[in-house]
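Hi everyone, thanks for making time this morning. I'd like to walk you through one model and how its chains meet. Please have a look at the screen.

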Protein chains: 2
Amino acid sequence: MAEKNLYDVAYELESAMREHEDYTKLKELYDQVNQDEVSKKLFDNFRNMQMELQQKQMTGQQITEEEAQTAQQQVELVQQHEVISQLMQQEQRMSQVIQDINKIVTRPLEDLYGSPEEDAEQ
Amino acid sequence: MAEKNLYDVAYELESAMREHEDYTKLKELYDQVNQDEVSKKLFDNFRNMQMELQQKQMTGQQITEEEAQTAQQQVELVQQHEVISQLMQQEQRMSQVIQDINKIVTRPLEDLYGSPEEDAEQ
Ligand SMILES: [Ca+2]
Ligand SMILES: [Ca+2]
């Protein structure tokens, strides 16, 4: 068999991901949330808050008690929303798939540089 | 054609990367540097310094003038080392390949969440 071009295989992986059930389900739920004005706004607010808090944590800033409370309230709010909570569960499933895929395709580099886990152990 | 399993394609991508000329060259140079004690030490020191400075930048810490000077000296030192400088050039080539591959395989998620570039423009 002739050696397949690296980029051709990458495009194959892209297609396989689009056809993967975890992706098609995610897309369905995501569209469903975004097509409804109320749920879109709820979800967008939640995401923005999450990103702000992550940003703060990454840059070592303190999260205030008020911010933590607002965050907790927003989590409870989106958890009560049927479609959004389904979407978030589906995002977790997709995230696991992507982590698995990432582990596979980064092994050639790990063989040279070691894995992040190995580094953490040292 | 039967639908290929996502993970099978990921393993194919792993193999294709290992066979890619930019990877085999990188591995060759990397082994060459690490098999020589002097060049290994020079390269390791350089890498550790780079990581420390990156860490500081990411966490918003100031880089002192002394650190900047030491860094500059180390860059000059490794640039004069024939094999290490070849290795670093090869790392840049490989890094470009990986960026390209990454762009391709993350498109399904970009279609849902937008690309980082798009976000930056907003
Ligand atoms: Ca390893
Ligand atoms: Ca897009």
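Tyr30(B) is buried, because its relative accessibility is 15%; buried means under 20% relative accessible area, exposed over 50%, and partly exposed in between, with a 1.4 Å probe and protein chains only. Before I go on, a word on what you are looking at: this is a predicted model, where local features need pLDDT of at least 70 and side-chain atom pairs count only at pLDDT 80 or more, while totals for chains, interfaces and linings use all residues. Side-chain values use heavy atoms, leaving out hydrogens and water, residues are numbered from 1 along each chain as its sequence is written, and chains are lettered from A and ligands numbered from 1 in the order in which they are written.

Back to the tyrosines. Rings of Phe, Tyr and Trp (its six-membered ring) pair if their centres lie within 6.5 Å; planes under 30 degrees apart count as stacked, over 60 as edge-to-face and the rest as tilted. By that rule there are 2 aromatic pairs over all chains. In one of them, Tyr30(A) and Tyr113(B) have ring centres 5.1 Å apart and planes at 70°, so they sit edge-to-face. That pair crosses between chains, linking helix α2 (residues 21-35) of chain A to helix α6 (residues 107-113) of chain B. Helices here are DSSP runs of H or I with at least four residues, numbered from the N terminus.

Tyr113(A) is partly exposed, with a relative accessible area of 32%.

Glu91(B), in helix α5 (residues 82-105) of chain B, touches Tyr113(A), Leu26(B), Phe43(B) and Arg47(B), not counting residues up to four places away in sequence. Contact means heavy atoms within 4.5 Å. Glu91(B) is buried, at 13% relative accessibility.

Now, how are the two chains related? A rotation of 180° with 0.0 Å of shift along its axis superposes chain A on chain B, at an RMSD of 0.0 Å, fitted by least squares on the C-alpha atoms of residues with pLDDT of at least 70 in both. The two copies are therefore related as by a two-fold rotation axis. In chain A, the residue closest to that axis is Thr59(A), at 2.6 Å (C-alpha).

On to the interface. Here 36 residues of chain A are in contact with 36 residues of chain B. Together the chains bury about 3,700 Å², 68% of it on carbon and sulfur atoms; that is the accessible area (1.4 Å probe) that two parts lose on being put together, summed over both. In chain A, Leu6(A), Tyr7(A) and Leu112(A) lose the most area to chain B, together 18% of what that side buries.

For those of you who like charges, the interface has 4 salt bridges, each a side-chain nitrogen of Lys or Arg within 4 Å of a carboxyl oxygen of Asp or Glu. One of them joins Asp111(A) and Arg18(B), at 2.7 Å from N to O.

Methods
Helix = DSSP H or I, 4+ residues; strand = E, 2+ residues; numbered from the N terminus.
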